Amino acid sequence: MPVVKVLTEGIGEANLRDIKVYRDRGGYKQLKRAFTEMKPADVQAICDKSGLRGRGGAGFPTGKKWAFLPAGVAPRYLVCNCDEAEPGTFKDRMLLEETPHQIIEGILLGAYAIESHHAFIYIRGEFKRGYEVFMDALAQARKAGFVGKNLFGSGFDLELTVHRGAGAYICGEETALLNSLEGKRGEPRLRPPFPAVQGLYSKPTIVNNVETLAYLIPILERGPEWFAAVGTERSKGYKIISISGHVQKPGNYEVALGTPVRKLIELAGGLRPGRKLMAIQPGGGSSACIFEEHLDMPYDYESLQKAGTMLGSGAIVVMDDTTDFVRAAFNLVRFFAHESCGQCTPCREGGHWLERVLHRFLENRGLKSDIEMLARVSHEITGINLCPLGDSIEPFLASVLKRFPEQFEARVARETVRA
Amino acid sequence: MTDFNALRDQLKPQCEAIIAQYEQPRSALLPLVHLFQAHEGYASADALRAVSEMLDLSLAVVESTVSFYTLFYRKPVGKYMLQVCRGLACTLNGAEDIMAYFREQLGIGHLETTGDGLFSYEEVECLAACDRATCMQVNLNFAYDLTPKMIDDMLTAMRAGKYEITPLPQTEHPPRTWTLRQDLQVSHGDKSAGAQDQSAPNNPGGLDRDGIIMLDRILSDEARFKGRTKERLANVEPAMAEAIEE
């Protein structure tokens, strides 16, 4: 069975929101061990050795990211990114609502590793229940003495502040998140300087995904070798994959990286009876589609990159032969047009124009020349924006335009009436 | 106004605690607006003014920031805020039918509120519950695996004032097919019959009457903040402050 239970251990069986239950299962042991037996640099070294890569979308090696922090500069901040909003992703929400203590422990470990005395968690505004569950868990952890001053007698103070977003996909981008945390509009910043050098309040800041930080606990517990032993050469360890769309058992599945795509779809119950697979979006709304011929490809960062797409946040959306790809493309383009912060002209204008052109296709009023224009415009707005949002419009659109041109051609107006 | 002053005094300790959490007070902007909205149902002009005073920001800055975030309603919304997911995974599982059904039953469209003030309706982006598509939120509480029957029951209970938010058990998924509908596009122009006299909750859409009132407030606010701005400037850019003085 390729499904493993590391972070998902106990979900659906025990009430992990209760600190007692969590501690009975070994929770907060690694935190105590880190604070009493290890130096921050030791935790960093273990993380680096495990090969853990960011689980939020970019897949940047976590240890390397931490190493960008300038030495000896204080204060520095750790921000946990729980602004999950990538279409098709629902792993962070599950972790937040089901095992909040795991997130708290992960954040505290991460903050200790980078010697930050003030950590934040940015929770998506829509996650009202998650926020309430987390606040409750934080109160329990505080009462147990895991958050606050002089933790475990180590002399290390650590405060954790919960910050709620208010409905903006772009705040999942780390610099936009920092602006939002500073009480500003969630507009991404120009980089460099990177947040590790100048982040929150212009101080060195690390932004890590919920899942990334949570994996620190099992890595400390079982050792970096255990984590590095699974996966592929450069994609180590486990990952929670959110599978949805046209499958019979959509849900979160924790697997070793490198599991074949076919296996993942089987895990999710496979397609509905009598349906044929048309396309798979392997890494959230920002990724290009893969198709039937890629089914035996291992699901890891490099293989997907080689296939012209990405692993992203680990969200698989499966589409069968009932799918209208013009409508699917319109859906995602509208999403990005709607969520564009409006700072960069290519993304702000390009997204809306593509949305309008695609809407024309939906009404069977497309022009023959539009098909080529969709490909050209989406390509030209790519790579010239401050953040990756504008670049996220092209992949899906281009991949379905190339694969299913007949669906677009069928929507071209039969006769062009000129006034 | 007196009502609001009472609320502000009541929330003062909470506000101060929130501000104290951050190294810089401005960080408290979103949490404070959340707090007022939780009590008033929307982010009122009074609330924004109060936040601007607490954080020593101009009203324009607060207004500009709040307008960025879709979860801050700058106008009163219905008692039940119905936010249906229009993300890709939900759409693949029939969200367009669900949305059409909602519109039909409510008589209002995207970003509209019913005349009786009971319902506001919005079609929102992916809510991160794709495994339970099609999904929605009622006042930010999830409802999953929507069917027309569930919607009927929900709306009936809401109209009778008996709607309770209960966590739904994980069930098997009702079979659905992708259907083609042409009525998807959000109406930008005319209002639906059920929403004639109501303005959109979080989309100011240019300078309507409320916008002009807000603009008026911002402009008439100048005297209150002029001094402070100058003081602040003197700390950061003394040369520039002197130049302005001259």
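Predicted model: local features only at pLDDT ≥ 70, side-chain atom pairs only at ≥ 80, totals over all residues.

**Stop one: a sheet in chain A**

Now widen the selection to strand 2 of chain A, residues 118-123, together with strand 3 of chain A. The two run parallel, and six bridges join them. Strands of a sheet pair through backbone hydrogen bonds, either parallel or antiparallel.

Next, bring in the rest of the sheet. In what order do the four strands lie? Reading across, it's 3-2-1-4, in an open sheet of chain A with parallel pairing. Strand 3 (159-164) and strand 4 (205-209) of chain A sit at the edges with a single partner strand each, so one side of each has no neighbour in the sheet.

**Stop two: two crossing helices**

Stay in chain A and select helix 3 (residues 40-50) and helix 9 (residues 210-222). Their axes come within 10 Å and cross at roughly 95°, which means helix 3 of chain A is roughly perpendicular to helix 9 of chain A.

Show the side chains at the crossing. Helix 3 of chain A brings Val43(A), Ile46(A), Cys47(A) and Ser50(A), while helix 9 of chain A brings Leu216(A), Ile219(A) and Leu220(A). By class, that contact has six nonpolar residues, one polar and no charged ones.

**Stop three: over to chain B**

Switch to chain B, which has ten helices and five strands. Of its 246 residues, 48% count as buried. Take the contacts in chain B between residues at least 6 apart in sequence: 69% of them join residues at least 24 apart.

**Last stop: how confident is the model?**

Colour chain B by pLDDT. The average is 79, and 66% of the residues score at least 70. Now select residues 167-189 of chain B, where pLDDT stays under 50; the model has 57 contacts beyond four places in sequence for this stretch. Residues 223-228 of chain B also stay under 50, with seven such contacts. For the model's overall scores, note ipTM 0.93 and pTM 0.88.

Conventions. Residues numbered from 1 in each chain as written. Chains lettered and ligands numbered in written order. Heavy atoms only, no water. Pairing = 2+ DSSP bridges. pLDDT = per-residue confidence, 0-100. Contact = heavy atoms within 4.5 Å. Axes fitted to C-alpha atoms, helices over the stretch in contact; angles between N-to-C directions. Parallel < 35°, antiparallel > 145°, perpendicular 65-115°, else oblique. Nonpolar A, V, L, I, M, F, W, Y, C, P; charged D, E, K, R; others polar. Buried < 20%, exposed > 50% of the residue type's maximum accessible area, 1.4 Å probe, protein only.
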